[in-house]
Amino acid sequence: MPLAALLCLVVAISDGDTLTARCGAPGAYHQVKVRIAAIDAPESRQAFGQKSRQNLARLCFKQRAALQPVDEDSYGRTVANVRCGGADVATAQVRAGLAWVYTPYAAAHPHLAPLQRQARSGGAGLWSQRRPLAPWDYRHRHSQR
């Protein structure tokens with residue numbers, strides 16, 4: 001049973017797949033750090049990391065967002081399906097070639113894989129690189145230093 005969608009205001013963008021939203025009633029706001037479900041964007045220092053963050057900001061910053069929480073990650077962030085201005089953010093990021101489909105959540109979002117294949121074959125965003133490095137591989141590589 002999915003939790004009820006929260007209507008929030010996006011107050012910060014961390015990177016291409018994480019934002020901070022202010023939710024709740026006036027006078028009783030609470031901030032929620034949200035990891036967008038089903039996608040993994042390049043890290044800030046990775047190629048296209050800043051472009052991905054800028055695109056998410058363009059979509060969501062200072063916009064009303066509908067959050068549909070699905071999980072909590074190991075960092076205590078709310079994992080949620082996010083819509084800003086009526087647009088599904090995961091769809092927009094994958095279509096633009098600015099995020100990868102994150103396999104553990106991909107089954108619940110079957111529309112994303114074909115969009116990723118399209119972005120890849122069209123050389124959109126990070127797919128314009130000869131050998132794009134998945135963010136999980138990048139993190140793994142850099143956590144061993």
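**Aromatic pairs.** My cut-offs: rings of Phe, Tyr and Trp (its six-membered ring) pair if their centres lie within 6.5 Å; planes under 30 degrees apart are stacked, over 60 edge-to-face, the rest tilted. W100 and W127 pair edge-to-face, at 4.6 Å centre to centre and 65° between the planes. W100 lies in strand β8 (residues 100-101) and W127 in the loop between α4 and α5 (135-143), so this pair ties together parts 27 residues apart in sequence. W100 and W136 have ring centres 5.8 Å apart and planes at 65°, so I logged that pair as edge-to-face. It links strand β8, with W100, to helix α5, with W136, 36 residues away. W100, Y102, W127 and W136 form one aromatic cluster.

**Source notes.** I am working on a predicted model: local features need pLDDT of at least 70, side-chain atom pairs count only at pLDDT 80 or more, and totals for chains, interfaces and linings use all residues. Residues are numbered from 1 along each chain as its sequence is written, and side-chain values use heavy atoms, with hydrogens and water left out.

**Exposure of the Trp residues.** Buried or exposed, I asked of W100? W100 is buried, with a relative accessible area of 9%. W127 is buried too, at 7% relative accessibility. W136 is partly exposed at 30%. Buried means under 20% relative accessible area, exposed over 50%, partly exposed in between (1.4 Å probe, protein chains only).

**Charges over rings.** I checked Arg next. R22 lies over the face of Y29, at 4.1 Å from the ring centre. R35 lies over the face of Y102, at 5.8 Å from the ring centre. The test asks for NZ of Lys or CZ of Arg within 6 Å of the ring centre and within 35 degrees of the ring normal.

**Strands.** I then followed R22 into its strand pairing. Strand β2 (residues 18-23) and strand β3 (residues 30-36) run antiparallel, joined by six bridges. R22 stands opposite Q31 in β3. Six residues lie between the strands of this hairpin, and G24 takes a positive phi near 105°. β3 also runs parallel to strand β6 (residues 78-84), through three bridges. There I36 stands opposite A80. Strands pair if DSSP finds at least two bridges between them. Helices (H or I, at least four residues) and strands (E, at least two) are DSSP runs, numbered from the N terminus.

**Cores.** Which residues have the most contacts inside the largest nonpolar core? They are L19, I36, C60, L67, V82, V89 and L112, in a core of 28 residues. Helix α2 (89-95) is among the elements that give two or more residues. α2 gives the most, with four residues. A second, separate core of five residues includes W100 and W127. A core is a set of buried Ala, Val, Leu, Ile, Met, Phe, Trp, Tyr and Cys residues joined through side-chain atoms within 4.5 Å. I also listed what I36 touches beyond four places in sequence: among them are L19, L56, A80, V82 and V89.

**Whole chain.** I counted five helices and eight strands. Of the 145 residues, 43% are buried. Among contacts (heavy atoms within 4.5 Å) between residues at least 6 apart in sequence, 59% join residues at least 24 apart. The C-alpha atoms fill a box of roughly 50 × 35 × 30 Å along the principal axes.
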